[in-house]
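Notebook open, two chains to look through. I'll jot things down as I look them up.

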Amino acid sequence: MKKIFFVAAMAVTSFAFANTSDVKDVKLEASKTTTSSTKEKTKTNFAKFLADTWSVSFTNSCGGTSSATFTSEYADGTPGFIKDLAHVVNTADAWCDGNGFN
Amino acid sequence: MKKLLLIGLFVSNFFYTSAQSKAVIQVDYETKMITDSLDKNKVSYMPYTLLSNNEESFYYNKDAERFFNSLFGNKKGKNSDVIQTSLGAIPKYPKYKGSVHKLKEKLSVSLPIGKYIFNFEEPALKWEVLNETKEIKGFKCRLAKTVTDTKDTFFAWYTEDIPIQDGPFRFKGLSGLILEIYNLSKTIEIYATEVKKSDQLIETINYGNDFIILKSKDEYLKARKNYLENPSAYNGNNIKVFDAGGNNITRKINEAISKNNIFLD
């Protein structure tokens, strides 16, 4: 019985250590933020889709400037990415005319 | 071998062509909808088109058709309506993305929740024909009433002069075409703006990714309830929106979404 308890305790301890190192990795990855004038890309390694974070700005339909940040699991330029980007722009623009949340 | 291949191609092409049906009529509708019953000034006008014959029909928004076709459709082409952003020009996102495909008795509805399009089978409506009559666009119309499964009462003006059992959105199954329909509180009104002959192919929209087929309408209603309580969960993409001053207005947007309490279905 004691042996079983000891083995179980060792297993739990090793898993706990494994989890701690994962968390550290995630924190390190998340802090590596790079910024450029047009694109802001943050690698978030813990996400299963390895989604990138983007920022976009545009002139909204009321004539002002809106901006937004978003993640996309799709590669830049693919139909999936363009759809994600268009959805974000629409969400930001809808606030301007106040009628777009249908 | 070549002959076999040619015959095979011919046969498959024949079946493909015959599987697509042509419309006999096109009806353009405008939906006037107050989305927040506490704010009657917040009105949306949604242009929709119905292509129909007696077997099949498709009810859709032309901007949505152009947008999704340009990305995922067979007839890929440039979308002339673009918006310039810091990430380049992108096709303008359609404001109204829902569609309804009718094939015989089956009614397949696709409606957006956040960034996703949910598809489910809509139950058929039971109509009660009333005594009132009036003329719309030169057609003699009769009035009918229905109560939806979501407990809203609708009144429809339909004409047997056009014996096509169709109408806007899920409102079908009368003995003629529906030209006007409104609900009891008049928060939803749909009018036919143009009726004309058509021989256009009836083709559904390919929504690409983020298209989710549900087993029942109940699942859709639950998802919509969850969305209104927590819009961010269904908008995906961890969206954060900023105004010109750089202030984060995401919460305000989510609050505005949560106020929607009038729905077509």
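Which residue in strand 15 of chain B is the bridge partner of A:A68? I found B:V241. Strand 4 (residues 65–72) of chain A and strand 15 of chain B run antiparallel, joined by three bridges; strands are DSSP E runs of at least two residues, helices H or I runs of at least four, numbered from the N terminus, and pairing takes at least two DSSP bridges.

Ground rules I noted: this is a predicted model, where local features need pLDDT of at least 70, side-chain atom pairs count only at pLDDT 80 or more, and totals for chains, interfaces and linings use all residues. Residues are numbered from 1 along each chain as its sequence is written, with chains lettered from A and ligands numbered from 1 in the order written.

Next I checked the contact between the chains (C-beta atoms, placed from the backbone, within 7 Å). It takes 32 residues from chain A and 32 residues from chain B. On chain B, the elements giving two or more residues include helix 2 (62–72) and helix 5 (250–258).

Then I turned to the sheet in chain B. It is open, has twelve strands in the order 9-10-11-12-13-1-2-3-6-7-8-14, and its pairing is mixed. Strand 9 (127–136) and strand 14 (211–213) of chain B are at the edges with a single partner strand each, so one side of each has no neighbour in the sheet.

Inside it, I traced strand 6 (residues 99–103) of chain B to strand 7 (residues 106–113) of chain B: antiparallel, five bridges. There B:S99 has B:S110 as its bridge partner.

Definitions and conventions. Two residues are in contact if their C-beta atoms, placed from the backbone, lie within 7 Å.
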